Amino acid sequence: MKTKQILITGNMGYVGPAVVRQLRETYPSARLVGLDTAYFAHCLTAASVIPERLLDEQIFMDIRDVPAELLRGFDAVVNLAAISNDPMGSAFEDATAQINCTAGVRLARLAKDAGVKSFVFASSCSVYGFAEGAARKESDSLNPLTAYARSKIGTEQELRGVASADFVVTCLRFPTACGMSERLRLDLVLNDFVACAIATGRIDILSDGTPWRPLIDTNDMAFAIDWAISRGGDRGGQFLAINVGRNECNYQIRELAEAVAAELPGTTISINEHAAPDKRSYRVDFSQYKSLAPGHLPRYGLRDSIRALIAGLRAMQFADSQFRESRHMRLKVLNGLKDAKLLNDRLEWNTRPSVDLRSRVA
């Protein structure tokens with residue numbers, strides 16, 4: 001029997017370690033290959049071993065530079081590579097469009113030409129933007145408000161035309177990510193609240209606390225990607241853009257703060273009652289995902305994610321009240337690399353190797 005081969009781009013970020021771990025568990029004999037430009041490779045947090053130890057090979061390469069021949073032999077491609085939030089998208093708008101959309105679509109076309117059967121794209125529920133009223137379904141209108149959100153929906157629209165009977169494309173619209181990781185980010189709402197509570201004993205909510213956010217743990221994102229890799233065109237069609245999560249995982253911001261305080265007694269919460277309306281408030285309907293992937297519904301509840309974050313931060317002996325100035329904030333990392341003249345305005349490395357850098361695990 002042919003060994004299954006899976007390429008994971010952007011694997012050295014926040015979500016990648018969980019994806020690699022999940023796929024290694026599901027496919028113990030598979031050839032798993034990571035491809036990443038390594039902006040955040042050094043941002044390890046509470047890692048007992050480097051997450052890439054579970055891969056067969058790690059390739060250090062910009063997704064914009066992937067050659068056609070590299071895709072040959074793979075059965076599936078998981079594209080996580082992205083400039084991954086609104087502040088970074090605003091600071092590097094052109095690079096966000098290039099990396100998230102142009103390069104992602106090019107990767108899909110190369111993969112199809114190389115005979116890859118399954119392409120999984122990590123999209124985002126942020127494409128719904130400000131959405132009052134009922135929870136948003138996949139058939140509802142979109143309102144992307146940021147460069148990041150526009151790059152995600154732009155990629156989805158292009159991928160629809162690439163999908164075919166022999167090339168199944170799944171765009172997973174993920175809610176706001178949360179939870180512990182070997183490359184933890186603290187520029188995400190729940191993670192920020194837990195870090196604040198541990199470091200200062202206080203959570204300051206800049207809004208009035210009423211905006212809605214859907215949430216998903218990184219481990220459940222990986223679980224959904226596992227499902228998408230094996231999805232056939234008979235389950236959702238040759239092209240599928242789908243909201244991933246549970247309906248009960250839509251929360252108001254103040255609910256998240258209250259849940260964190262319940263796990264860390266003594267935490268005080270401050271709410272800005274007079275704040276201007278938050279234009280990123282939306283709820284999401286996950287009924288289609290429940291119907292198509294009943295065996296891969298999220299397993300981690302809000303309390304599970306909070307407790308994992310608390311344990312992980314304590315293992316790091318975390319006590320940094322100024323963490324928003326640290327490398328736990330992805331924009332700070334990119335700006336630091338730029339200031340050191342290691343990256344240019346296109347977020348390309350100024351010094352590139354003359355040959356591909358690859359690391360094979362024995």
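Strand S9 (residues 212–217) is joined to S11 by three bridges, and the two strands run antiparallel. Strands are DSSP runs of E of at least two residues, helices are runs of H or I of at least four residues, and both are numbered from the N terminus. The model is a predicted one, in which local features need pLDDT of at least 70 and side-chain atom pairs count only at pLDDT 80 or more, whereas totals for chains, interfaces and linings use all residues. Residues are numbered from 1 along each chain as its sequence is written, and side-chain values use heavy atoms, with hydrogens and water left out.

Within S11, tyrosine 251 is the bridge partner of arginine 213. Both strands belong to an open sheet of three strands, ordered S7-S9-S11, with mixed pairing; two strands are taken to pair if DSSP finds at least two bridges between them. Strand S7 (176–178) and strand S11 (250–252) form the edges, each pairing on one side only. On average, neighbouring strands of this sheet are turned by 50 degrees against each other, direction ignored.

Two helices pack on this sheet. Helix H6 (residues 218–230) touches S7 and S9, and its direction makes about 70 degrees with that of S9. Helix H7 (residues 253–263) touches S9 and S11, with its direction at about 85 degrees to that of S11. Axes are lines fitted to C-alpha atoms, for helices over the stretch in contact, and angles between N-to-C directions run from 0 to 180 degrees. Contact means heavy atoms within 4.5 Å.

In helix H10 (residues 330–339), the buried residues are Arg330, Val333, Leu334 and Leu337. Buried denotes under 20% relative accessible area, exposed over 50%, and partly exposed the range in between (1.4 Å probe, protein chains only). Viewed down the axis of H10, these residues fall within an arc of 95 degrees and so line one face of the helix; the arc is that of the directions from the helix axis to the C-beta atoms. Helix H2 (86–91) is included in what covers the buried residues of H10. Just after H10, lysine 341 takes a positive phi of about 65 degrees.

Serine 123 is located in strand S5 (residues 118–124) and is buried, with a relative accessible area of 3%. Apart from neighbours within four places in sequence, serine 123 is in contact with Lys152, Glu156, Cys171, Leu172, Arg173 and Phe174.

Alanine 275 lies in the loop between strand S12 (268–271) and helix H8 (287–292). With residues up to four places away in sequence not counted, alanine 275 touches Leu206, Ser207 and Asp208.
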